[in-house]
Amino acid sequence: MSRMSRAPLLALLLAATAAQADEGVIDWHLYNQPPLSMLDGANRGQGVLNLGLNKLLLPRLPQYGHQMTEVPIKRLLLALKTQPNACAFGLLKNPERESFMLLSSPILPQLPPGVVVRRNEFEALQPYLNRDGALQLKSWLAGGSGRLGVTDGRSYGAAVDELLTPLRGSARVPVVAADAPVRNLLQMVMLGRIEMAVSLPYEARYLQEAEGMDTRSLRFVPLAEQPRQLLGYAACAKGAFGAGVIRRINEVLAQPEVQATLIGYYERWLDEDSRQLARAARAASAP
């Protein structure tokens, strides 16, 4: 169940910096999305974004006080619309969000959703791969065979949603709506009940480490319809306070070791195939 709580994060650090908070208090809004953000269980605070915020950003912003608010993503977005000192770490941008929030320089390039397939079935996809090794989903849906599982209510990006929405619930694109739908979808792939499932590249690795699910038989395959990578940003409410915070955050992000460490936190959740895809995408996007 979603919950909202206000509690100091890294109590010693926050106590030490409180007296220096001459530029105000940032209310950081956090949401649960393992393994990017982990707010429950034994791994609480160990998500990619949690570590980035706690270890890389907060120690470099001593001029601010910091408080933490845990909320569902919809409440987070509402806070950025209505609360002048609200900020978040690791949001994707879109035109609607940019209308009410200020965004930092990019903080975390990520692989977009692709598909997972059994490794011993990967060769069957060869006729539908482009020269970069990405599955051309439109061609596969038109000429291939097999079933592609999806999660009920989940968006996978505009281009992919456009292809899948008319087929959702059909024999070709079964929908899983039960509890733990990602776990159920990946189990269905491993058991051969479906050939593929749409997934994020770190979900199989997370389930293996956090829940003991053996996902080594699965391989992540990017989709040709997706961008090579998605960029995450720090975000603050529009206004003078938010603009000042974003300027300070950008100064931190300009430090190469900060970006390198954050990418390391992300890659820790990728298997070797996905790790190489992420590195190739970053290299292709480098100026």
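This report describes a cavity and a helix pair in a predicted model.

## Basis of the model

Residues are numbered from 1 along each chain as its sequence is written, and side-chain values use heavy atoms, leaving out hydrogens and water. In this predicted model, local features need pLDDT of at least 70 and side-chain atom pairs count only at pLDDT 80 or more, while totals for chains, interfaces and linings use all residues.

## The cavity

A search of the whole structure finds one cavity of 30 Å³ or more. A cavity is a set of points on a 1 Å grid over the protein atoms alone where a 1.4 Å probe fits but cannot get out; its volume is the space filled by probe spheres set on the points, which are joined across faces, edges and corners. The largest cavity holds about 90 Å³ of space.

Eleven residues line the largest cavity, and Leu30, Ser37, Leu49, Asn50 and Phe89 are the closest to its centre; a lining residue has an atom within 4 Å of a point. With three residues, α2 gives the most to this lining. Helices (H or I, at least four residues) are DSSP runs numbered from the N terminus.

## The packing of α2 and α10

Helix α2 also packs against helix α10 (residues 256-267), at an angle of about 150 degrees and with the axes 9 Å apart. Axes are lines fitted to C-alpha atoms over the stretch in contact, and angles run from 0 to 180 degrees between N-to-C directions. The two helices are therefore roughly antiparallel, a term for angles over 145 degrees.

In contact (heavy atoms within 4.5 Å), Val48, Leu51, Gly52, Lys55 and Leu56 of α2 meet Val258, Thr261, Leu262, Tyr265 and Tyr266 of α10.

Notes:
On a 1 Å grid over the protein atoms alone, a cavity is a set of points where a 1.4 Å probe fits but cannot get out, and a pocket is an open set with protein on both sides within 12 Å along at least five of seven lines; lining residues have an atom within 4 Å of a point. Angles under 35 degrees count as roughly parallel, over 145 as roughly antiparallel, 65 to 115 as roughly perpendicular and the rest as oblique.
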